[in-house]
Amino acid sequence: MTETRNVPIRKIIIFALTYCLIFAIRFFQHLYTVEVRSAMTLMLYTVLFIAGIFLFRQHLADSWQLLKKSISRSLLLLIGFYFIFILFSVLAYYLLPIGDATNDQNVYQIAMAFPTILILAILGIMGPIVEEFVYRHLLIYRLSSRIPVWGCVLLSSILFGLLHMHSFSDLTNIVPYLTISLILGTLYVVSKYNLLVPIIFHTFNNLSALIPLVLYT
């Protein structure tokens, strides 16, 4: 899939900077209401989803062909890595003082402010796909042409955890995000850079958390 590295760097930078706006909104949260911040977040994820599908369409097409050729192996990887994720998550919550992260509270606020179908579509499906474009395709696949691939996995996981941290009081709460990103990165590499495999994992994980939340709200 080397041809996917030929996406112009200018477009990659614009895509990455637009993604960073999602987190930059937090620094100006005192200027906006929860509804305005939530609407901006949902809008950015939607724009990035559409742009990402267009920019990385070749990688997605190649991943689809690879998935069709190795459906059984991909399924076993997904099941195996999901059990590993559950195990590490339970251990982390048992051993560390992990509470309700600010990011989780923000998701709850968004779920309260917008229709259920919109939340599930954007935060449950579009959001995970956008994050796979950023953390797996850009920070692992593209960057691995410059630095060792496992260094890319570690870097992308640290950034994923830090960007989901709102304050130093959230420090231990980044562990679940760090864990799932390490698992997604490893899954991406061992699946031979099949982007659809971590997308399926990430989407399933988000939807399994969001559906009970929106039903409750």
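1. What pLDDT does the protein average, and what percentage of the residues score at least 70? The average pLDDT, which is the predictor's confidence in each residue on a scale from 0 to 100, is 86, and 88% of the residues score at least 70. This is a predicted model, in which local features need pLDDT of at least 70 and side-chain atom pairs count only at pLDDT 80 or more, whereas totals for chains, interfaces and linings use all residues. Residues are numbered from 1 along each chain as its sequence is written, and side-chain values use heavy atoms, with hydrogens and water left out.

2. Where pLDDT is low, the predicted coordinates should not be read in detail.

3. The protein has nine helices and zero strands, where helices (H or I, at least four residues) and strands (E, at least two) are DSSP runs numbered from the N terminus. Of its 217 residues, 44% count as buried, with buried meaning under 20% relative accessible area, exposed over 50%, and partly exposed in between (1.4 Å probe, protein chains only). Of the contacts (heavy atoms within 4.5 Å) with a separation of 6 or more, 81% are accounted for by residues 24 or more positions apart. The accessible surface, from the Shrake-Rupley method with a 1.4 Å probe and, for residues, with only the protein chains shown counting as cover, comes to about 11500 Å², of which 73% belongs to carbon and sulfur atoms.

4. Helix α4 (residues 71–95) contains 25 residues, and its end C-alpha atoms are 36 Å apart, in agreement with the 36 Å that it should span at 1.5 Å a residue; the expected span is 1.5 Å times one less than the number of residues. Its buried residues are Ser74, Leu77, Leu78, Phe81, Phe85, Ser89 and Ala92, and what covers them includes α3, α8 (175–190) and α9 (196–216).

5. A nonpolar patch on the surface is formed by Ile84, Leu87, Phe88, Leu91, Tyr94, Leu95 and Leu96, which together have about 730 Å² of accessible area. Patches are made of residues with over 30% relative accessible area and no salt bridge, like charges being joined within 9 Å and nonpolar side chains (Val, Leu, Ile, Met, Phe, Trp, Tyr) within 5 Å. Phenylalanine 88, which lies in helix α4, counts as partly exposed because its relative accessibility is 46%.

6. Tyrosine 45, in helix α2 (residues 34–55), counts as buried at 8% relative accessibility. Leaving out residues up to four places away in sequence, tyrosine 45 touches Tyr19, Ile22, Ile122, Leu123, Gly127, Val130 and Glu131.

7. Which two side chains meet in a salt bridge? They are those of glutamate 132 and arginine 136, at 2.8 Å from N to O, a salt bridge being a side-chain nitrogen of Lys or Arg within 4 Å of a carboxyl oxygen of Asp or Glu. A search of the whole structure finds one salt bridge. Because glutamate 132 and arginine 136 are four residues apart in helix α6 (residues 116–142), they are separated by about one helical turn; both residues are buried.

8. Serine 157, in helix α7 (residues 149–163), is buried, with a relative accessible area of 0%. Apart from neighbours within four places in sequence, serine 157 is in contact with Leu178, Ser181 and Leu182. Helix α8 has 16 residues and reaches 22 Å from its first C-alpha to its last, close to the 22 Å expected, and its buried residues include Pro176, Tyr177, Ser181 and Leu184.

9. The loop between α8 and α9 deserves a look at its backbone angles. Most residues other than glycine have a negative phi. Lysine 192, in this loop, has a positive phi near 65 degrees and is exposed, with a relative accessible area of 55%. Tyrosine 193, also in the loop between α8 and α9, has a positive phi near 60 degrees and counts as partly exposed at 22% relative accessibility.
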